[in-house]
Amino acid sequence: MLVGVPKEIKNHEYRVGLTPAAVKEFAAHGHNIVVETQAGAAIGFSDEDYIAAGATIASTAQQVFAEAEMIVKVKEPQPNECKMLRKGQTLYTYLHLAPDPVQTELLIASGATCIAYETVTDNRNGLPLLAPMSEVAGRMSVQAGAHYLEKANGGSGTLLGGVPGVAPGKVLVIGGGVVGTNAAKMALGLGADVTILDRSLPRLRQLDDIFNGQVKTVFSTVDAIEQYSAEADLVVGAVLIPGATAPKLLNKAHIKAMKPGAVVVDVAIDQGGCFETSKATTHQDPVYVVDDVVHYCVANMPGGVARTSTMALNNATLPFGLALANKGAKQAMLDDKHLLNGLNVHEGKVTYKAVVDALGESLGLTYTPAEEALK
Ligand SMILES: NC(=O)c1ccc[n+]([C@@H]2O[C@H](COP(=O)([O-])OP(=O)(O)OC[C@H]3O[C@@H](n4cnc5c(N)ncnc54)[C@H](O)[C@@H]3O)[C@@H](O)[C@H]2O)c1
């Protein structure tokens with residue numbers, strides 16, 4: 001199969017669909033790869049690296065879209081990219097269609113087979129192509145928190161690890177899933193005093209085992225949130241209720257009661273945020289202050305460490321990508337129900353129910369089960 005990798009064009013997006021190492025894997029399986037010039041240059045992957053891995057370099061995105069049978073990207077295609085897609089071509093990338101009627105209509109019109117990373121599943125009810133970005137965001141949350149706790153950056157001037165004779169800073173992680181676990185690991189690594197709140201007792205048991213009692217696990221109640229947030233130097237918001245906007249767990253009064261110069265990092269901001277005072281920020285302008293509490297609410301945290309994020313994403317997307325190239329998209333999906341769950345749009349039909357639930361009425365869409373659409 002001829003696999004194409006265009007350069008990402010969304011503002012400040014430096015990730016790239018395939019690393020040179022991933023290109024080498026596709027080439028080893030007998031595939032041809034065409035990469036747009038400079039596609040990975042911003043994160044240290046030069047055209048020469050791609051050529052050495054077995055790719056050819058195209059001078060324009062138009063050339064990549066015109067030649068390739070499968071397009072591998074990171075972000076959802078922008079309108080001019082959607083217009084370059086065609087029937088018989090496979091698009092493999094993050095799509096997030098439910099809140100995006102414009103993209104949904106353009107993908108329907110393209111006739112292409114569109115597979116969304118975020119809806120591919122695994123045997124443990126997980127979302128394996130979303131998890132690497134949660135790992136990145138979780139680890140970054142503590143790095144960002146530690147940075148903004150410094151006096152010059154608006155914080156209280158607290159060192160999370162403390163020093164001999166001075167107690168460490170207190171980190172409260174609300175939500176002990178993928179983001180929360182990775183945040184706790186980093187905070188523990190820095191020597192902080194870490195507490196995780198979660199509403200799932202089985203999850204709290206797992207966390208207690210994972211951390212061997214080194215972090216405190218506490219059942220998440222209004223009372224616990226009130227008590228632990230008032231004492232915390234850093235609060236990481238990492239809750240998720242699948243398919244719903246995040247619950248507002250810290251309200252204005254909780255924020256007001258926090259220590260001056262404390263930092264809150266709302267990782268769940270991409271789902272609306274779990275603090276009442278949160279509003280989405282960007283890497284260019286990541287923080288603002290409410291009641292002396294520094295708020296970091298970057299909606300696209302992994303973009304800040306685009307090189308690590310690209311490599312982490314490729315580790316997860318590569319096995320499915322190879323299956324799509326080796327077998328052809330249709331057969332690969334029929335052979336693997338988890339990959340089939342990734343199919344959102346095929347030859348003008350919407351095959352993902354949540355997209356029809358969100359946009360069906362306004363766009364006049366009907367739902368076609370993925371298996372039926374592929375017949
Ligand atoms: N900002 C970013 O760049 C970025 C990047 C990756 C993920 N995220 C977001 O981070 C959030 C967490 O993602 P995840 O992958 O860790 O999800 P996850 O499903 O692995 O974990 C969520 C956890 O929240 C817990 N929870 C639910 N309600 C709770 C409550 N009231 N109190 C305490 N815990 C509660 C759940 O039991 C679960 O353990 C999501 O909103 C995700 O979209 C944001």
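Start with the ligand: one of its oxygen atoms sits 2.6 Å from an N or O atom in the side chain of Asp198. Keep in mind that this is a predicted model, so treat each distance here as a computed value. At Val178, a polar backbone atom is 2.9 Å from an oxygen atom of the ligand. At Val267, a backbone N or O atom lies 3.0 Å from a nitrogen atom of the ligand.

| Residue | Part of the residue | Ligand atom | Distance |
|---|---|---|---|
| Asp198 | side-chain N or O atom | oxygen | 2.6 Å |
| Val178 | polar backbone atom | oxygen | 2.9 Å |
| Val267 | backbone N or O atom | nitrogen | 3.0 Å |

How much of the ligand does the protein bury? On its own the ligand would expose 870 Å², and the protein buries 85% of that.

Two or more lining residues come from each of α6 (131-148), α7 (178-189) and α8 (201-210). Which element gives the largest share of this lining? That would be α7, with four residues. If you want to find the pocket in the structure, look for its lining residues, including Ala131, Glu135, Arg139, Thr181, Lys185 and Ile210. Val178, which has the backbone contact to the ligand, is also part of this lining. By class, the pocket lining divides into three nonpolar, three polar and four charged residues.

The structure also holds one cavity of 30 Å³ or more. The volume of the largest cavity is about 40 Å³. Around it you'll find Lys7, Glu8, Glu13, Tyr14, Arg15, Gln38, Ala39 and Ala42. That makes three nonpolar, one polar and four charged residues in the cavity lining.

A few loop residues are worth a look too. Ser200 is in the loop between β8 and α8. A polar atom of its side chain lies 3.1 Å from the backbone nitrogen of Arg203, and Arg203 is one of the residues lining the second largest pocket. Ser200 counts as partly exposed because its relative accessibility is 27%. Between Ser200 and Gly303 there are 103 residues along the sequence and 30 Å in space, going from C-alpha to C-alpha.

Then there are two residues with a positive phi. His96 has a value of about 45 degrees, although it is not a glycine. You'll see His96 in the loop between β5 (90-93) and α5 (101-110). Asn125 isn't a glycine either, and its positive phi is near 60 degrees. This residue is in the loop between β6 (113-116) and α6.

Why is His96 partly exposed while Asn125 is exposed? His96 has a relative accessible area of 39%, so it counts as partly exposed. Asn125 has 77%, so it counts as exposed, given that exposed means over 50%.

Note on methods
Residues numbered from 1 in each chain as written. Predicted model: local features only at pLDDT ≥ 70, side-chain atom pairs only at ≥ 80, totals over all residues. Heavy atoms only, no water. 1 Å grid on protein atoms, 1.4 Å probe; cavity = no way out; pocket = protein on both sides within 12 Å on 5 of 7 lines; lining within 4 Å. Nonpolar A, V, L, I, M, F, W, Y, C, P; charged D, E, K, R; others polar. Polar contact = N/O pair within 3.5 Å; in protein donor to acceptor, adjacent residues only side chain to side chain. Areas by Shrake-Rupley, 256 points an atom, 1.4 Å probe, with all protein chains shown as cover. Points joined across faces, edges and corners; volume = space filled by probe spheres on them. Buried < 20%, exposed > 50% of the residue type's maximum accessible area, 1.4 Å probe, protein only.
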